[in-house]
Amino acid sequence: MSYGYQLPRNSLIWLLTAMFAGMAPHLTRLPIWVTLVCLLCGFWRIMVYRERWRLPGRLIRTLLVFSGGAAVVGHYGTLAGPEAGTALLVLGFCFKLLETHSRRDAFVVVILGYFVVATSFFFDQDMASAAYLLLVCFMVTAALVGLNQSPLQTQPRRTAGLALRLLAQSLPLMLVLFLFVPRVGPIWSLNLGENRATTGISDRITPGDIAELSRSSALAFRVAFDGGIPAARNLYWRGLTLNHYDGATWSRGPVDLDEPPWLRRGAGDWLGAGRGQPLGYRVMLEPTDQRWLFALAAARSTTPGVGYSRDHRLVKRSPVSQPFAYEVDSFLRQPLDPNLPDWLARVNLQLPETGDPRTRALAEQLAAEAGSPSALVERALAWFRARPFSYTLRPPTLSGDRNDQFLFQTRRGFCSHYAGAFVYLMRSAGVPARIVAGYQGGERNPLGNYLLVHQFDAHAWAEVWLAGQGWVRVDPTTVVAPERVEQGIEEALAGEGSFLEDSPLAPARYRDWAWVSRLRLGLDYLNFAWHRSVLGYNAQYQSRLLARWFGDVDFKRLGLLMAVSVALLLGALAGWLLWQGSQPLRSPLVREYRRLCRRLAPRGQGPEPGEAPATHLLRLQEQRPDQATSLAAMAALLQQQLYAGSADPGAVRRFRRLGRGL
Amino acid sequence: MAASVRSWWSGHFDAWLRRRAPRRRALTLNQRRIFILPTRHGVYFLLTLGAIFVGGINYGNSLILATAFLLVSLFLVSILHTYANLAGLRVAAGRSEPAFAGDEAAFELILSSFRRRPHESLYLHWGQAPARVVDRVAEAPVAVRMLLPVTRRGRFRPPRLKLETVFPLGLLRAWSWLELDMACLVYPKPEACTLPRRPDSRGEEGEVRRHDGSDDFDGLRRYQTGDNPRHLAWKQYARSGELHAKAFVGHETHELWLEWEAFAGQGVETRLARLCYWVLKLSERGRSFGLRLPGETLAPDSGAAHERRCLQMLALYGEKP
């Protein structure tokens with residue numbers, strides 16, 4: 001193509017629109033200089049189009065590309081990964097705009113546009129983003145249509161209309177493909193960046209620092225149960241176990257319980273056989289950028305990419321960087337680790353060499369009184385109950401011998417304080433114990449009969465190993481504030497008013513207002529359906545859904561179903577397009593006349609072969625003298641339409657009204 | 001070797017195409033005539049959506065998969081649209097004008113449609129003529145004039161016409177080969193030379209006065225249909241109300257004959273080219289002349305019709321009727 005080739009105006013307009021619309025969602029994630037470069041490139045291209053400026057020469061372009069790449073490396077330290085990749089893509093998109101001489105260049109920009117749309121879905125997957133990106137897709141398509149229209153076409157609206165029609169016709173096909181194309185697991189494992197800001201529970205708990213988590217109303221995950229939703233006091237969503245205490249902070253410790261060989265499915269007898277009826281449910285987890293998943297105790301999962309850790313949790317192979325749905329069967333009555341190996345017992349008896357002397361003394365005293373570990377648990381809980389402990393999200397800060405301070409002086413705290421102190425007591429008395437971090441309870445949405453678990457449902461409790469029973473869940477917080485577990489954190493904080501006090505606009509704060517609550521739950525139901533049916537449409541969900549519709553499906557039937565429905569849709573579309581093509585073009589008035597003829601024909605008043613419409617109507621005047629005037633008027637209308645070619649919009653209506661008397 | 005294979009192939013392809021679509025004066029494009037295949041852009045598009053699909057699978061991202069499915073659907077739908085942009089198009093042979101060898105012959109095509117929706121962005125490729133874009137062909141016939149370079153004297157049949165479109169997305173190309181029953185005459189390329197005198201020339205004394213020349217004014221005569229409007233006597237018309245034409249006489253040495261034999265010793269095409277030059281020259285001067293070719297003779301005459309007859313005789317000399 002020669003330099004003289006100007007991109008069609010239609011195409012350029014839509015290319016620029018699509019480019020800026022496509023990049024807008026990325027701009028908050030990208031450094032500010034990328035935005036500025038984009039604006040500059042777009043402005044430059046517009047000036048070129050208006051023939052004020054020239055496109056940059058080869059030297060400037062080369063310079064731009066290399067400095068862009070260098071700046072990305074400087075900013076992110078790499079060229080790979082979604083963030084740096086997106087920055088590169090966006091920059092490339094802009095630079096390509098500066099060398100779009102030919103149709104091929106413009107086509108490359110269009111292809112990049114589709115890529116930008118696809119990569120946006122790494123970051124945003126909610127319904128609004130999807131709708132917005134569909135809009136961007138439409139703009140890119142309009143640019144592509146404009147590129148292939150003749151340069152004589154200069155109405156961007158007509159181009160858009162064509163693109164809209166194409167997309168509208170593609171959507172049913174897309175739906176069929178979405179439903180029927182077999183979902184397979186990842187071909188190779190990829191990790192999205194892990195350095196993004198994370199919300200959710202942390203793998204370190206330092207009782208005495210300020211509580212942060214309980215104040216966020218963000219969603220952690222949704223759970224759809226196969227049967228009814230169990231009682232709130234059974235809903236302990238295990239996420240992590242914290243096994244190591246350094247005198248201030250509980251952490252996961254030096255022994256990594258997530259790593260192979262335990263991660264491998266069925267790799268040991270520690271998992272045990274499921275006992276009793278399984279409780280089946282599906283969790284739709286929001287991104288956490290962590291590998292751990294949440295489930296009720298003794299969980300099994302058949303979802304690809306999910307394995308088990310040594311402490312009976314579910315772990316994903318790669319971090320959850322986008323919404324992730326997994327199916328779980330929980331065996332609530334199954335004991336965990338009926339026989340505790342010595343090395344694991346050592347891990348769960350670890351304590352700092354020194355510190356907290358009063359707590360250690362209390363543990364020895366309680367152990368001596370109790371005699372057996374299970375009695376010790378009871379005595380310890382009774383000890384808490386008998387003292388003036390209170391539940392608060394605004395505990396005083398602690399330092400030094402934190403457990404001593406908490407148990408004997410401040411006596412105000414929330415779940416991690418209680419769980420931490422309890423595990424410390426147990427370990428001091430020689431009973432293996434650990435902190436479990438996760439979520440407790442959840443909000444039931446009556447609309448979809450599913451459970452919403454928010455960040456403010458985050459909780460920490462203890463697990464104690466008792467011979468013969470395995471790990472037993474003990475929640476010391478319930479002793480102090482039973483309503484925390486029975487009714488949720490809002491009730492537990494009713495007197496204090498600290499529930500979501502930092503987010504006055506969070507809808508969850510207004511649960512007492514019925515309509516706000518209903519609106520919020522309704523909206524969430526939409527999101528739930530979106531997560532379950534669209535984002536969480538994986539192999540298992542697909543086979544379950546299709547089995548419900550078509551009975552058992554294997555790959556062969558699935559392929560057949562897909563081929564048949566695609567063929568049907570395309571056939572219908574082809575029929576419509578070509579039928580529309582073969583329709584002879586007739587004016588509406590002539591069609592109206594034909595309709596009249598069909599009505600008159602049975603009475604022998606139809607037109608003679610070869611008779612002109614007006615002649616026919618005038619001949620009828622003799623047979624229907626009562627209608628003579630209207631027949632004459634109708635004939636005049638037809639004459640005018642056929643021979644004068646005037647398009648009178650009211651003519652059809654008038655013709656119909658006149659013909660009614662016949 | 002490769003060239004012979006190619007010529008063998010193109011010969012067979014032509015024969016196949018001719019069987020499939022014989023020459024006609026007018027035809028409507030349908031599935032028998034329309035071919036459709038992805039363009040290079042279409043292949044790139046498919047590769048891109050393949051990459052997006054693999055990304056969607058690998059990251060387990062339903063929406064990225066949905067994007068890939070949307071693009072596949074767009075591709076499939078555009079197959080139908082590209083096809084429908086040609087289907088139902090009616091192409092008819094229009095007028096054609098003769099030309100001199102080395103010039104361009106003008107052919108007219110008439111495009112129309114039965115469809116409600118117009119056919120957009122149609123490309124016409126015809127022999128060596130530069131490609132033409134025709135936009136929005138609807139019911140009303142659109143006449144397209146194309147200039148085809150002609151090199152050889154004789155009857156020229158234009159090669160197959162290729163009608164193609166990539167509308168609306170440029171991902172697929174639909175095209176059709178049309179053999180329209182069209183032809184035009186290609187006159188020899190005129191070659192300037194002196195008019196050789198025949199040895200039996202009688203010189204000036206044999207001069208006869210002939211009417212219908214254009215050299216000298218000879219008087220007025222009554223108007224007849226077909227008289228040159230430039231020769232009408234408007235002054236007399238204004239005076240008398242009767243239309244008269246000015247009559248001129250041409251001076252001619254004798255009955256002028258353009259003779260094949262006069263160019264003895266030259267090749268066939270050279271003779272024809274020189275004869276052609278003199279046919280044009282003499283007609284321009286309004287002279288009356290006859291043309292004698294081996295086996296064919298045109299009696300002396302003058303005027304545009306005579307010129308055309310002469311040129312046609314020259315063009316078709318030696319060709320089978």
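H312(A) sits in the loop of chain A that runs between β8 (306-308) and β9 (314-316), where strands (E, at least two residues) and helices (H or I, at least four) are DSSP runs numbered from the N terminus. The phi angle of H312(A) is near 65°, which is a positive value in a residue other than glycine. H312(A) counts as buried because it has 23 C-beta neighbours inside 10 Å; the term buried applies if 20 or more other C-beta atoms lie within 10 Å of a residue's own, exposed applies at 12 or fewer, and partly exposed in between, with C-beta atoms placed from the backbone.

## How to read this model

This is a predicted model, in which local features need pLDDT of at least 70 and side-chain atom pairs count only at pLDDT 80 or more, while totals for chains, interfaces and linings use all residues. Residues are numbered from 1 along each chain as its sequence is written, and chains are lettered from A and ligands numbered from 1 in the order in which they are written.

## Chain A as a whole

Chain A contains 22 helices and 17 strands, and of its 662 residues 38% are buried. When contacts in chain A between residues at least 6 apart in sequence are considered, 72% of them join residues at least 24 apart; two residues are in contact if their C-beta atoms, placed from the backbone, lie within 7 Å.

The chain is divided into domain 1 (9-180), domain 2 (542-582) and domain 3 (588-659), with bounds that come from an automatic or database domain assignment. The C-alpha centres of domain 1 of chain A and domain 2 of chain A are 33 Å apart, and 5 residues of domain 1 of chain A are in contact with 7 residues of domain 2 of chain A. On the side of domain 1 of chain A that touches domain 2 of chain A there are 4 nonpolar, 1 polar and no charged residues. In this classification Ala, Val, Leu, Ile, Met, Phe, Trp, Tyr, Cys and Pro count as nonpolar, Asp, Glu, Lys and Arg as charged, and the others, Gly among them, as polar.

## Strands and a helix in chain A

Strand β3 (residues 236-242) of chain A is mostly covered, with 7 of its 7 residues buried. β3(A) pairs with strand β13 (residues 433-440) of chain A in the antiparallel sense over 6 bridges, where pairing requires that DSSP finds at least two bridges between two strands. Within this pairing, R238(A) stands opposite G438(A) in β13(A).

β13(A) also pairs with β16(A), in the antiparallel sense and over 7 bridges, and here A437(A) stands opposite A460(A) in β16(A). Strand β16 (residues 458-466) of chain A has 8 of its 9 residues buried, so it is largely enclosed by the rest of the structure. β16(A) pairs in turn with strand β17 (residues 470-474) of chain A, in the antiparallel sense over 5 bridges, and the bridge partner of L466(A) in β17(A) is G470(A). These two strands, β16(A) and β17(A), form a hairpin with 3 residues between them, and G468(A) in the turn has a positive phi of about 90°.

Helix α12 (residues 415-428) of chain A has 14 residues, which at 1.5 Å a residue should span 20 Å, and its end C-alpha atoms are 20 Å apart, in agreement; the expected span is 1.5 Å times one less than the number of residues. Because 14 of the 14 residues of α12(A) are buried, the helix is largely enclosed by the rest of the structure. Just after α12(A), G430(A) takes a positive phi of about 85°.

## Sheet and loops of chain B

In chain B, 4 strands form an open sheet in the order β1-β3-β5-β8, with antiparallel pairing. Its edge strands are β1 (26-28) and β8 (142-149) of chain B, each of which pairs on one side only. Strand β3 (residues 89-96) of chain B and β5(B) pair in the antiparallel sense over 6 bridges, and A92(B) has I110(B) in β5(B) as its bridge partner.

S121(B) lies in the loop between β5 (104-113) and β6 (122-126) of chain B. The phi of S121(B) is near 50°, a positive value in a residue other than glycine, and S121(B) counts as buried because it has 22 C-beta neighbours inside 10 Å. In the loop between β10 (161-165) and β11 (172-178) of chain B is P168(B), which is joined to F167(B) by a cis peptide bond with omega of about 5°.

## Where the chains meet

Between the chains, 50 residues of chain A are in contact with 45 residues of chain B. On the side of chain A that touches chain B, at least two residues each are supplied by α5 (103-120), α6 (127-148), α7 (156-180), α16 (514-535) and α18 (555-582) of chain A. By class, that side of chain A has 36 nonpolar, 14 polar and no charged residues.
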